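User: Hi! I'm new to reading protein models, and I'd like to understand how the labels are assigned. Could you take me through some of them?

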Amino acid sequence: MRNLLSLVLLIYCLISACTKDNDTFSPIEDNPISEGTYPNVQEELWIYFTRFEVEAAERGEDIDLNSLSLTAAIEELHPDDVAGVCNYNSRNPNHIGIDESFWNSASSRWREMVVFHELGHCVLGRGHRGDSFDNGVCVSIMRSGTGTCRDAYQNSTRDYYLDELFE
Ligand SMILES: [Zn+2]
C-alpha cells in the first residue's frame with residue numbers, strides 16, 4: 001500500500017514538474033505583484049508597468065510611471081515583424097505600442113521583455129545595444145530588432161538583463 005502511494009506521488013510529481021517546465025516564467029506568475037493603476041495605459045500592460053517600477057526600485061531607481069506623460073496600448077503595428085515601438089513626440093506624450101499579433105502569441109516572458117525594452121527607450125532614454133557574448137547571446141534586452149544576437153531572456157538570466165537595463 002505504501003509503495004503504491006509512493007508511486008502515485010512520484011507520478012504526480014513528474015506530471016507537475018513537466019507542467020512547470022512548459023512555462024519557465026511561472027515563478028514570476030506564481031508570485032504576482034499587485035498591479036498599479038495607469039489611466040493612460042491599456043490594462044493588460046499594467047502588470048508589466050508595475051514590475052518595471054518594482055525592478056527599478058530594487059536597483060535604487062525611483063520611477064513613477066504615472067508621473068510621466070506616457071501612453072501605451074496593444075495595437076496592430078506595421079511592419080509586421082515589429083513587436084513594439086516607442087514614439088517620441090514633442091507635442092504628444094511618449095507613446096508605447098505593442099503589436100497585437102505578437103502579444104497574442106507571446107509568452108509572459110517575451111511580453112515582459114518587449115514592454116521593458118520599449119520602457120527602456122521611452123523612460124530610461126536608452127538607445128540600442130547590439131553586442132553579444134562569445135556564444136552569440138545578446139548582452140542587453142536593448143538589442144536592435146535588426147541585429148544578429150540571440151535573445152536569452154529567461155528566469156535564470158532575468159536578473160542579469162534587468163541589472164544591465166537599469167545600470
Ligand atoms: Zn528598440
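User: What makes Asp99 count as buried or exposed?

Analyst: Keep in mind that this model is predicted. Asp99 has 22 C-beta neighbours inside 10 Å. A residue is buried if 20 or more other C-beta atoms lie within that distance, so Asp99 counts as buried.

User: Where does Asp99 lie, and which residues is Asp99 in contact with?

Analyst: Asp99 lies in strand 3, which covers residues 94-99. Setting aside neighbours within four places in sequence, the contacts of Asp99 are Glu76, Leu77, Val82, Ala83 and Gly84. To be called a contact, two C-beta atoms have to lie within 7 Å. For Asp80, I can give you a C-alpha separation: 8.2 Å from Asp99, with the two residues 19 apart along the chain.

User: How do you know that strand 2 and strand 3 pair?

Analyst: Pairing needs at least two bridges. Strand 2 (residues 84-87) and strand 3 have four bridges, in the antiparallel sense, so by that cut-off they pair. You can look for Cys86 opposite Ile96 and Val85 opposite Gly97.

User: What about strand 1 and strand 3: in which sense do they pair, parallel or antiparallel?

Analyst: Strand 1 and strand 3 pair in the parallel sense, over six bridges. With at least two bridges as the requirement, this counts as pairing too. Ala72 has Ile96 of strand 3 as its bridge partner, and Ile96 also stands opposite Cys86.

User: Which residues touch the most other members of the largest nonpolar core?

Analyst: They are Phe52, Val115 and Phe116, in a core of 24 residues. Two or more residues come from each of helix 3 (46-58), strand 1 (70-75), strand 3, helix 5 (108-122) and helix 6 (155-166). Helix 5 gives the most, with six residues.

User: And what does Phe52 touch?

Analyst: Not counting residues up to four places away in sequence, Phe52 touches Leu65, Phe116 and Leu119. Phe116 is also among the core members that touch the most others.

Definitions and conventions:
Residues are numbered from 1 along each chain as its sequence is written. This is a predicted model: local features need pLDDT of at least 70, side-chain atom pairs count only at pLDDT 80 or more; totals for chains, interfaces and linings use all residues. A residue is buried if 20 or more other C-beta atoms lie within 10 Å of its own, exposed if 12 or fewer, and partly exposed in between; C-beta atoms are placed from the backbone. A nonpolar core is a set of buried Ala, Val, Leu, Ile, Met, Phe, Trp, Tyr and Cys residues joined through C-beta atoms within 7 Å.
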